[in-house]
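Open the model in a viewer and keep the sequence panel beside it. The stops below say what to select next and what is there.

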Amino acid sequence: MSNIKPLHDRVVIKRMEEEKLSAGGIVIPDSATEKPIKGEVVAVGTGKVLDNGQVRAPQVKVGDKVLFGKYSGTEVKLDGVDLLVVKEDDLFAILG
């Protein structure tokens, strides 16, 4: 996926698979699972252009695990892989 370079403050994320088992050990079918809200950053833009013309560097980097909104961003398919393009402002947290 080195052939994608998001612009400005955009971030490209690959969704992480959700668990297929409940806490009690019950298998959850695909039709009952929601879209994951965790993912791994695969590409980062150059940063957000501020009102004064300066560029604020992104706070995430490739390989970071992040949380994002359930309905955030735009879904794209590249080389057969489902990806999500979001603004950095739509990310909630970096997972440690």
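A salt bridge here is a side-chain nitrogen of Lys or Arg within 4 Å of a carboxyl oxygen of Asp or Glu. By that rule the structure, which is a predicted model, holds eight salt bridges. Several of them are stops on this tour, after a look at the whole chain.

**Stop 1: the whole chain**

Colour the chain by secondary structure. Now show the surface. The chain exposes about 6600 Å², and carbon and sulfur atoms supply 54% of that area. Of the 96 residues, 25% are buried. Take the contacts between residues at least 6 apart in sequence: 63% of these join residues at least 24 apart.

**Stop 2**

Six of them form an open sheet in the order 6-7-1-2-5-8, with antiparallel pairing. Which strands stand at the edges? They are strand 6 (74-78) and strand 8 (91-95); each has a single partner strand, so one side of each is left without a neighbour in the sheet. From one strand to the next, the twist averages 45 degrees.

Strands of a sheet pair through backbone hydrogen bonds, either parallel or antiparallel.

- Select strand 6 and strand 7. They run antiparallel and are joined by five bridges. Leu78 has Val81 in strand 7 as its bridge partner. The hairpin made by these strands has two residues between them, and Asp79 there takes a positive phi near 55 degrees.
- Select strand 2 and strand 5. Their antiparallel pairing covers three bridges. The bridge partner of Lys38 is Leu67 in strand 5.

**Stop 2**

What does Val41 contact, leaving aside neighbours within four places in sequence? The list is Val11, Val12, Val60, Lys61, Val62, Gly63, Asp64 and Val66.

**Stop 3: Lys61**

Is Lys61 buried or exposed? Lys61 is exposed: its relative accessible area is 54%, and the cut-off for exposed is over 50%. Not counting residues up to four places away in sequence, Lys61 touches Val41 and Val44. Next, draw a distance from the C-alpha atom of Lys61 to that of Glu40. The separation is 9.7 Å, for residues that are 21 apart along the chain.

**Stop 4: the salt bridges**

Side chains of opposite charge can pair when their charged atoms come close. The following selections show such pairs.

Glu40 counts as partly exposed at 33% relative accessibility, and Lys65 counts as partly exposed at 30%.

Go next to Arg15 and Glu75. Their closest N and O atoms are 3.3 Å apart, in a salt bridge. Because Glu75 belongs to strand 6 and Arg15 to strand 1, the pair ties together parts that are 60 residues apart in sequence. Glu75 is partly exposed, with a relative accessible area of 47%.

Then select Asp9 and Arg10, whose side chains meet in a salt bridge (3.7 Å, N to O). Asp9 is buried, with a relative accessible area of 9%, whereas Arg10 counts as partly exposed at 32%.

How values were computed: Residues are numbered from 1 along each chain as its sequence is written. This is a predicted model: local features need pLDDT of at least 70, side-chain atom pairs count only at pLDDT 80 or more; totals for chains, interfaces and linings use all residues. Side-chain values use heavy atoms; hydrogens and water are left out. Contact means heavy atoms within 4.5 Å. Two strands pair if DSSP finds at least two bridges between them. Helices (H or I, at least four residues) and strands (E, at least two) are DSSP runs, numbered from the N terminus. Axes are lines fitted to C-alpha atoms, for helices over the stretch in contact, and angles run from 0 to 180 degrees between N-to-C directions. Buried means under 20% relative accessible area, exposed over 50%, partly exposed in between (1.4 Å probe, protein chains only). Accessible areas come from the Shrake-Rupley method with a 1.4 Å probe; for residues, only the protein chains shown count as cover.
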